[in-house]
Amino acid sequence: MVDTNSGVKDGYLWIKATLDASSDDSWFKTSRVHSKARISFPMYTETRLKVAHLPAYNTFWLNNGDANDRDEIDIIEINSKPACGENTEYPWQMNSQYFIVKEGNTERKKGPWSTKKLSKGNTRKDVAWNEDYHVFGAWWKDAHTVQFYLNGEPAGSVVSRQPFTLEQELIWDLWTQDSPWVCGLPEKEELLDDSRNTMKVDWVRTWKLVSE
């Protein structure tokens, strides 16, 4: 993760994966962008973005903490071009989940969805991630409940056993790992192609629930 692989241009936040030719072992160079502020429930947030068409995870998520103690809500981890044959639905599948980790003990639950599950009248129904921009959101209702959204429609939800207790930052990043569940190991040549190696974020909007 390096700051030179992200920025703002022509009204878009961009995050790019490039080739680090100086390393044979760790040659996927990329970036991560955090919000300055932290936010908690009850709130709704959504972002409009187009993925980098690489075997890698394009993400929009919330987090506060580290590997041993954290609250985390992954609105999306999506891979439009899986490099293995085990996850053929990834080009349409919205991987959403949460983690509550206390003293190294992890509570986790997934709530996956897909553009194939959108209503017939939705113009993004059956549209793969790399084919167009999509809108991803999360309604963090309370200390236990998160309802995810895809292109304006409810898209799976999760309910935790333990309560979320931490305010969290909004984060976008582009990352990969040689594992069956990420399915991401791009060819080095793919990282040289600027037509596919960049995630673009059009906007982010966040609302906090208040009493009138």
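Predicted model: local features only at pLDDT ≥ 70, side-chain atom pairs only at ≥ 80, totals over all residues.
Residues are numbered from 1 along each chain as its sequence is written, and side-chain values use heavy atoms, with hydrogens and water left out.

Let's look at the overall build. The protein has zero helices and 16 strands; helices (H or I, at least four residues) and strands (E, at least two) are DSSP runs, numbered from the N terminus. The C-alpha trace spans about 50 × 45 × 35 Å along its principal axes. The radius of gyration is 17 Å, which agrees with the value near 17 Å for a compact globule of 212 residues; it is taken over C-alpha atoms, and the globule rule is 2.2 Å times the number of residues to the power 0.38. Among contacts with a separation of 6 or more, 66% come from residues 24 or more positions apart, a contact being heavy atoms within 4.5 Å.

Now follow the chain into strand β8 (residues 70-78), which is mostly covered: nine of its nine residues are buried. On one side of the pairing list is β7 (residues 57-65), joined to β8 by eight bridges in an antiparallel arrangement; two strands pair if DSSP finds at least two bridges between them. A hairpin links β7 to β8 through four residues, and leucine 62 stands opposite isoleucine 73 in β8. β8 also pairs with β9, again in the antiparallel sense, over six bridges. Here glutamate 77 faces asparagine 95 in β9. In a regular strand the side chains alternate between the two faces of the sheet.

Glutamate 77 turns up again among the contacts of tryptophan 175. This tryptophan lies in strand β15 (residues 168-175), and it counts as buried because its relative accessibility is 19%. Leaving out residues up to four places away in sequence, tryptophan 175 touches Met1, Phe28, Ala56, Tyr57, Thr59, Glu77, Trp181 and Val182. Serine 157 is 18 residues from tryptophan 175 in sequence, and their C-alpha atoms are 24 Å apart in space.

Serine 157 belongs to β14, where it stands opposite glutamine 147. Strands β13 (residues 145-150) and β14 (residues 153-159) run antiparallel and are joined by five bridges. Two residues separate them in a hairpin, and asparagine 151 in the turn has a positive phi of about 50°.

The loops hold some backbone details too. Between β9 (93-102) and β10 (105-110) sits glutamate 103, which has a positive phi of about 55° although it is not a glycine. Glutamate 103 is exposed because its relative accessible area is 71%. Aspartate 126, in the loop between β11 (113-114) and β12 (134-140), likewise has a positive phi, near 70°. With a relative accessible area of 42%, aspartate 126 is partly exposed. Finally, a cis peptide bond with omega about -5° joins phenylalanine 41 and proline 42, and proline 42 lies in the loop between β5 (32-39) and β6 (43-50).

Note on methods. Buried < 20%, exposed > 50% of the residue type's maximum accessible area, 1.4 Å probe, protein only.
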